[in-house]
Amino acid sequence: MKNKKFVLFFLSLLSLVLFISCSKSDSNNPVNPGGGGNSGGGGSSNEAKLTLNGDTFNNQAVTLKNGTAGYSISDTATAVIFIGTLNSDTLQFFIVFKGKQNGTQNWGNDFGVILTKKSSSGLSYYLGQSQGTTTISSYGAVGSKIEGSVSGKMILQSPAATEVTVTGNFSATRIADVN
């Protein structure tokens with residue numbers, strides 16, 4: 001039951017992010033007016049800079065963009081999402097952690113990371129919920145940044161159960177809290 005709630009929270013945030021990222025005009029973008037999520041400069045760029053190793057990733061550096069974060073009042077959790085491409089594959093990276101404060105949290109049943117990869121061979125899900133940590137170094141107000149890092153192991157959700165390590169830093173703009 002807890003995993004279903006975890007995935008539903010991710011899917012809700014994904015829908016919101018996809019709706020916002022399809023905006024035609026950056027000036028009408030409530031998450032990053034005028035910036036489009038592609039301004040350079042590290043922490044101000046709404047990016048996740050990750051290194052992936054395992055399965056089809058061979059110490060692969062990837063930068064995902066359009067970082068958006070939201071706090072769920074009813075779940076008392078924050079979710080962060082990034083979208084991008086690697087070669088011809090589409091990647092989505094989700095981070096979920098308890099509360100809305102700075103600190104380090106171990107991944108657990110309801111908190112951790114999910115990486116989805118859509119390729120010509122299909123859709124793959126990598127779940128990190130037991131062997132890793134999320135560190136929040138800055139938890140800003142609505143319209144400000146949530147920044148931090150992740151480090152741990154994700155497991156491909158298939159019979160092979162292949163491990164993929166992920167390390168990296170992220171910065172995302174916080175949207176209004178949801179119920």
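You're looking at a predicted model, where local features need pLDDT of at least 70, side-chain atom pairs count only at pLDDT 80 or more, and totals for chains, interfaces and linings use all residues. Residues are numbered from 1 along each chain as its sequence is written, and side-chain values use heavy atoms, with hydrogens and water left out.

**Stop 1: the salt bridges by Arg174.** Asp177 and Arg174 form a salt bridge, with their closest N and O atoms 2.8 Å apart. The term covers a side-chain nitrogen of Lys or Arg within 4 Å of a carboxyl oxygen of Asp or Glu. Asp177 also meets Lys100 in a salt bridge, at 3.6 Å from N to O. Asp177 is partly exposed at 29% relative accessible area, and Lys100 is partly exposed at 38%. Strands (E, at least two residues) and helices (H or I, at least four) are DSSP runs, numbered from the N terminus.

**Stop 2: Gly143.** Hop to the loop between E7 and E8, where you'll find Gly143. With 53% relative accessibility, Gly143 counts as exposed. Gly143 and Arg174 are 31 residues apart in sequence, yet their C-alpha atoms are 5.3 Å apart. Beyond its neighbours within four places in sequence, Gly143 is in contact with Thr173 and Arg174; contact here means heavy atoms within 4.5 Å.

**Stop 3: Tyr139.** Next, select Tyr139 in strand E7 (residues 122-139). Tyr139 counts as buried, at 14% relative accessibility. Leaving out neighbours within four places in sequence, its contacts include Tyr71, Phe97, Lys100 and Arg174. Show the side chain of Thr78 as well: a 2.8 Å polar contact joins it to the side chain of Tyr139. (A polar contact is a pair of N or O atoms within 3.5 Å; within protein, one must be able to donate a hydrogen and the other to accept it, and residues adjacent in sequence count only if both atoms are side-chain atoms.)

**Stop 4: the core.** Pick Phe82, Phe93, Ile95, Val150 and Met154, the residues with the most contacts inside the largest nonpolar core, which has 29 residues. A nonpolar core is a set of buried Ala, Val, Leu, Ile, Met, Phe, Trp, Tyr and Cys residues joined through side-chain atoms within 4.5 Å. E2 supplies the largest share of this core, 5 residues. Zoom in on Val150: leaving aside neighbours within four places in sequence, its contacts include Leu50, Trp107, Val113 and Phe170. There's also a second, separate core of 5 residues; Ile81, Phe94, Ile114 and Leu127 are among them.

**Last stop: Lys65 and Glu47.** Select this pair to see another salt bridge, with the closest N and O atoms 2.6 Å apart. Lys65 sits in strand E2, while Glu47 is in the loop between helix H1 (2-21) and E1. Which of the two is buried, and which is partly exposed? Glu47 counts as buried at 9% relative accessibility, whereas Lys65 is partly exposed at 28%.

Methods: Buried means under 20% relative accessible area, exposed over 50%, partly exposed in between (1.4 Å probe, protein chains only).
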